[in-house]
Amino acid sequence: MASKKASNKRQRGGQKSCSNVFSMFEQSQIQEFKEAFGCIDQDRDGVIKKQDLRETYGQLGKLNVKDEELDEMLNEGKGPINFTVFLSLFGEKLNGTDPEDTILAAFKLFDPNGTGFVNKDEFKRLLMNQADKFSAEEVDQAFTLAPIDPTGNIDYKSLCYIITHGDEKEES
């Protein structure tokens, strides 16, 4: 009995560190995720396991799912996938960007004079030649939403807002 209580405390402790994930969603969204979790958790034990995924795929008509594919999905949870972890995974996927102030601080490194702008050509050169190198196509795609003035400067404050909140032109 004592080991079961300790086990439950460990599970709740794991959830506590992720508890802020509930603030990322509206109550109606959480309810929809809970329903989806219930559909995937075939044995209703509160944890999604490989067999649960296999059975869910089977119900959807996909019968030959490779173990590696299922393992890859489960490994995203970095441990047992209970509802809180499930919600965290969706939160990461849906909100896959850094906070606006973090992105803004990164851009400020390229703006030593504090103008609020970075030169498009220089920034393109850096993106294509530093760290995780972008291809020319990736840079061009990134620049499609960037507010660039006639002199070739990117308004990075506006770009940070677009990255974190979306582009109003896209939504209308």
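A residue is called buried when its relative accessible area is under 20%, exposed when that area is over 50%, and partly exposed in between, with a 1.4 Å probe and protein chains only. By that rule Arg44 is exposed, because its relative accessible area is 59%. The structure is a predicted model, in which local features need pLDDT of at least 70 and side-chain atom pairs count only at pLDDT 80 or more, while totals for chains, interfaces and linings use all residues. Residues are numbered from 1 along each chain as its sequence is written, and side-chain values use heavy atoms, with hydrogens and water left out.

We can begin with the whole chain. The protein has ten helices and two strands, where helices (H or I, at least four residues) and strands (E, at least two) are DSSP runs numbered from the N terminus. Read from the N terminus on, the elements follow the order α-α-α-α-α-α-β-α-α-β-α-α. Of the 172 residues in the protein, 26% are buried. If a contact is taken to mean heavy atoms within 4.5 Å, then among the contacts in the protein with a separation of 6 or more, 51% come from residues 24 or more positions apart.

In the model, the span of residues 28-63 is 64% helix and 0% strand, and its end C-alpha atoms lie 32 Å apart.

Helix 2 (residues 27-40) includes Ile40, which counts as buried because its relative accessibility is 18%. Leaving aside residues up to four places away in sequence, Ile40 touches Ile48, Asp52, Leu53, Thr56 and Phe86. The C-alpha atoms of Ile40 and Glu55 are separated by 8.2 Å, although these residues are 15 residues apart along the chain.

How do helix 3 and helix 4 meet, and at roughly what angle do their axes cross? The axes of helix 3 (residues 50-59) and helix 4 (residues 67-75) come within 10 Å and cross at roughly 120°. That angle makes helix 3 oblique to helix 4, since angles under 35 degrees count as roughly parallel, over 145 as roughly antiparallel, 65 to 115 as roughly perpendicular and the rest as oblique. The contact is made by Lys50, Leu53, Arg54 and Tyr57 of helix 3, together with Asp67, Glu69, Leu70, Asp71, Met73 and Leu74 of helix 4.

Beyond helix 4, Gly77 lies in the loop between helix 4 and helix 5 (83-94), and Gly77 counts as buried because its relative accessibility is 13%. Not counting residues up to four places away in sequence, Gly77 touches Val85 and Leu89. The C-alpha atoms of Gly77 and Ile48, 29 residues apart along the chain, are separated by 9.9 Å. Lys78 lies in the loop between helix 4 and helix 5, yet Lys78 counts as exposed because its relative accessibility is 75%.

One backbone detail remains. Most residues other than glycine have a negative phi. Arg44, however, has a positive phi of about 55° although it is not a glycine, and Lys78 has a positive phi of about 50° although it is not a glycine.

Notes:
Axes are lines fitted to C-alpha atoms, for helices over the stretch in contact, and angles run from 0 to 180 degrees between N-to-C directions.
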